[in-house]
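User: I am new to this structure and would like to learn how to read it. Can you take me through it feature by feature?

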Amino acid sequence: MSRTMTTQDEKRLPVVSNRHVDPHSYPEGVAFLDGQYLPMSQAKISVLDWGFLHSDATYDTVHVWNGRFFRLGLHLDRFFGGLEKLRMTIPFDRESVTEILHNCVALSGHRAAYVEMLCTRGASPTFSRDPRQALNRFMAFAVPFGSVANAEQLQRGLRVAISDKVRIPPASIDPAIKNYHWLDLVRGLYDAYDRGAETALILDFNGNVAEGPGFNVFCVKDGKLSTPAIGVLPGITRRTVFDLCAQEGLAATAADVSVAALREADEVFITSTAGGIMPVTEIDGVRIASGKVGPITSRLMALYWGKHDDPAWSSQVNYP
Ligand code: PLP
């Protein structure tokens with residue numbers, strides 16, 4: 001029979017001197033968890049959740065810029081696609097998730113926000129190891145907008161290192177299911193820091209360039225754009241670059257991108273919801289072309305941010 005712990009019980013417990021101190025200063029924001037809206041500092045999950053124990057989870061991140069969601073529909077498509085592939089179910093349909101995301105942003109008051117929706121496998125009430133018995137958990141939150149590249153890096157271009165770490169192959173994990181399998185990416189990041197770079201690109205299983213921690217990559221050669229085709233998350237910003245290229249009459253393809261092709265490119269940039277289109281001007285300590293942010297990158301960056309006010313590409317947050 002279970003009962004609540006009494007002060008007597010507490011006295012019998014060993015004294016724990018070095019209790020873990022939560023190192024986080026939580027960003028200002030609002031989360032939705034178990035049917036409630038909470039400040040970020042109170043949004044916590046069980047250590048028994050398989051999302052935490054097994055990385056058994058999927059998520060999506062969309063941003064809000066000037067009080068408007070950017071391409072929310074595409075992020076919802078990817079999120080619900082991931083749920084289906086992982087056989088997870090949530091008690092909310094597309095409209096309800098949209099409403100929850102709007103509420104998180106509106107309650108946070110942020111006009112520029114990083115908004116995440118996620119679902120973990122949860123845990124089984126009987127501690128069964130059978131994932132079919134787990135109660136899946138949906139959560140969402142809105143925190144201030146963050147970028148892979150800071151203002152200075154956006155101006156001068158990022159310094160990137162190419163790590164020899166290999167991205168988890170698509171035969172193991174379908175990269176279209178946005179996931180938290182990041183150990184390859186994190187190890188790549190440490191390689192980059194060890195070599196004095198600011199971020200990393202890692203390889204696919206054929207030794208071509210794949211992607212980096214939270215971003216896709218493009219190179220430009222003789223006015224034509226290419227981005228890795230396989231073993232990468234089909235990023236919404238990557239897709240947006242294709243849409244902008246189609247609009248501008250620029251040639252863009254998804255194909256193998258060798259390490260040599262990247263080093264010899266005229267321009268390189270990375271793409272992510274966390275920062276948009278971000279220039280890269282140095283790889284492994286060597287400048288790309290002139291070492292300046294290239295004209296096609298600059299043009300696409302301007303077009304990308306311009307679309308954030310366009311109702312065909314963005315939708316107004318329902319602030320109170
Ligand atoms: N690749 C990985 C591994 C990512 O985690 C992300 C975003 O988080 C991206 C690429 C970029 O995708 P998106 O443009 O949809 O943000």
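User: How far is an oxygen atom of the ligand from an N or O atom in the side chain of Thr273?

Analyst: Look for polar contacts, which are pairs of N or O atoms within 3.5 Å; within protein, one must be able to donate a hydrogen and the other to accept it, and residues adjacent in sequence count only if both atoms are side-chain atoms. Here, an N or O atom in the Thr273 side chain is 2.6 Å from an oxygen atom of the ligand. For Thr237, the corresponding distance to an oxygen atom of the ligand is 2.5 Å. Lys178 has a polar side-chain atom 2.4 Å from an oxygen atom of the ligand.

User: Which residues around the ligand come nearest?

Analyst: A residue is near a molecule if one of its heavy atoms lies within 4 Å of it. There are 16 residues around the ligand, and Lys178, Glu211, Ile236, Thr237 and Thr273 come nearest.

User: What should I know about the model itself?

Analyst: It is a predicted model: local features need pLDDT of at least 70, side-chain atom pairs count only at pLDDT 80 or more, and totals for chains, interfaces and linings use all residues. Residues are numbered from 1 along each chain as its sequence is written, and side-chain values use heavy atoms, with hydrogens and water left out.

User: Which domains does the chain have?

Analyst: Domain bounds come from an automatic or database domain assignment. That assignment gives domain 1 (25-144) and domain 2 (151-308). Their centres, taken over C-alpha atoms, are 26 Å apart.

User: How many residues of each domain are in contact?

Analyst: Contact means heavy atoms within 4.5 Å. By that rule, 22 residues of domain 1 touch 21 residues of domain 2.

User: How much area do the two domains bury between them?

Analyst: Buried area is the accessible area (1.4 Å probe) that two parts lose on being put together, summed over both. Here it is about 2000 Å², with 61% on carbon and sulfur atoms. Tyr59, Phe70 and Arg78 supply 34% of the area that domain 1 buries against domain 2, more than any other three residues.

User: How many salt bridges cross the interface of domain 1 and domain 2?

Analyst: Side chains of opposite charge can pair when their charged atoms come close. The rule asks for a side-chain nitrogen of Lys or Arg within 4 Å of a carboxyl oxygen of Asp or Glu. It finds two across this interface, and the structure holds 20 salt bridges. Arg71 and Asp243 form a salt bridge, at 2.9 Å from N to O. The pair is 172 residues apart: Arg71 sits in the loop between strand 4 and helix 3, and Asp243 in helix 7 (residues 236-248). Helices (H or I, at least four residues) and strands (E, at least two) are DSSP runs, numbered from the N terminus.
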